[in-house]
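Trainee: I would like to go through this chain one question at a time. Please show me the sequence and the structure before we start.

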Amino acid sequence: MKKHVNNANQEDYLKVIYQNGGLDEHVSNKVLSQKLQVSPPSVSEMLLKLSEEDYITYTPYKGAILTDKGAEVTATTIRNHRIFERFLYDSLDYSLREVHTLAEELEHVKDLDFFDKLYNFLGQPETCPHGSMINKDKIIFEKYTDPLSSFEIGSQVEIKRFDDSSKLLEFVEENSLGLGQTVNILEKNEEDDQVVISMNQNELVVPLAFALKIFVIPLENQN
Ligand SMILES: [Zn+2]
């Protein structure tokens, strides 16, 4: 049997724990298995390893919670990811979807001075090209947290942030969505799991799973 455990893999686990509330509460093996698409035995094996190295505290039947050390490493990975995205987007002209995929690989570069240098080189940007904050410490406060799905029919909103997930970013690209765009909420049907919006005189059906991950601010009501 081939066993392939490397640092990148560990960091990916820590990131998923972090993104699912693992700073304050236990994240279950089941959640990790689903999000990382790995088998439950692999998850258990990795969690034991991560707890031996003091990145997490692992409690059987409850799951994993990040230690201070784990939180710090993870916040650094997320920061590096976002700095790289900024560089790829601003300087090399990659798309919103492409920068995310490439940064997933590049974020694991070990030379931390490199990221500080790149950050300064880019003029200390506040956000990644998806609108997420480039954090300075281990707690990441996002500036934009109201999802598209939380606004009423008739609202006019401006898109400020997309969650970093490949599926969402594919949808964003296919439908030419972008930060700074103004959209109107035309229809909502929670049972149908979708929000219908209009932008540039086009209508677009946004599945609820995506509408929860597009963050906006309200503009004046057009009455
Ligand atoms: Zn991003």
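Trainee: How many helices and strands are there in the chain?

Mentor: The model is a predicted one. Both kinds of element occur in the chain. The count comes to eight helices and seven strands.

Trainee: What radius of gyration does the chain have, and what would a compact globule have?

Mentor: The chain has 223 residues, and for that number a compact globule would have a radius of gyration near 17 Å. The value for the chain agrees with this, so the comparison is with a compact globule. The radius of gyration of the chain is 19 Å.

Trainee: What box do the C-alpha atoms of the chain fill?

Mentor: The box is taken along the principal axes. Its sides are roughly 60 × 45 × 30 Å.

Trainee: Which domains does the domain assignment give, and how far apart do their C-alpha centres lie?

Mentor: The assignment gives domain 1 as 7–66 and domain 2 as 148–218.

Trainee: What percentage of the residues in the chain is buried?

Mentor: A residue counts as buried when its relative accessible area is under 20%. Of the 223 residues in the chain, the buried ones make up 43%.

Trainee: How far apart are the mean positions of the positive and negative charges?

Mentor: The chain has 22 positive and 38 negative charges. Each set has a mean position, and the two mean positions are apart by 6 Å.

Trainee: Is Leu14 buried or exposed?

Mentor: Leu14 is in helix H1. Leaving aside neighbours within four places in sequence, Leu14 is in contact with Leu50, Tyr55, Ile56, Leu66, Val73 and Thr74. Its relative accessibility is 1%, and the cut-off is under 20%, so Leu14 counts as buried.

Trainee: Asn9 is also in helix H1. What does Asn9 count as by its relative accessibility?

Mentor: Helix H1 covers residues 7–19, and Asn9 has its place there. The relative accessibility of Asn9 is 29%, which lies between the 20% and 50% cut-offs, so Asn9 counts as partly exposed.

Trainee: How far is the C-alpha atom of Asn9 from that of His108?

Mentor: Along the chain, Asn9 and His108 are 99 residues apart.

Trainee: What is the phi of Asp54?

Mentor: Asp54 has its place in the loop between helix H3 (40–52) and strand S1 (56–59). Its relative accessible area is 42%, so Asp54 is partly exposed. Asp54 is not a glycine, although its phi is positive, at about 65°.

Trainee: Tyr61 has a positive phi too. Is Tyr61 buried or exposed?

Mentor: The phi of Tyr61 is about 70°, although Tyr61 is not a glycine. Tyr61 is found in the loop between S1 and strand S2 (63–66). Its relative accessible area is 89%, and the cut-off is over 50%, so Tyr61 is exposed.

Trainee: How far apart in space are Tyr94 and Ile139, C-alpha to C-alpha?

Mentor: Tyr94 lies in the loop between H4 and helix H5 (96–106). Among the residues Tyr94 touches, not counting those up to four places away in sequence, are Leu88 and Val99. Ile139 is 45 residues from Tyr94 in sequence, and the C-alpha to C-alpha distance is 28 Å.

Trainee: Which residues does Lys138 touch, with the residues up to four places away in sequence not counted?

Mentor: Lys138 is found in the loop between helix H6 (112–121) and strand S3 (156–162). With a relative accessible area of 26%, Lys138 is partly exposed. The C-alpha atoms of Lys138 and Ile78 are separated by 9.5 Å. The residues touched by Lys138 are Tyr18, Asp68, Ala71, Glu72 and Ala75.

Methods: Residues are numbered from 1 along each chain as its sequence is written. This is a predicted model: local features need pLDDT of at least 70, side-chain atom pairs count only at pLDDT 80 or more; totals for chains, interfaces and linings use all residues. Side-chain values use heavy atoms; hydrogens and water are left out. Helices (H or I, at least four residues) and strands (E, at least two) are DSSP runs, numbered from the N terminus. The radius of gyration is taken over C-alpha atoms; the globule rule is 2.2 Å times the number of residues to the power 0.38. Buried means under 20% relative accessible area, exposed over 50%, partly exposed in between (1.4 Å probe, protein chains only). Lys and Arg count as positive and Asp and Glu as negative; His and the chain ends are not counted. The place of a charge is taken as NZ of Lys, CZ of Arg, CG of Asp or CD of Glu. Domain bounds come from an automatic or database domain assignment. Contact means heavy atoms within 4.5 Å.
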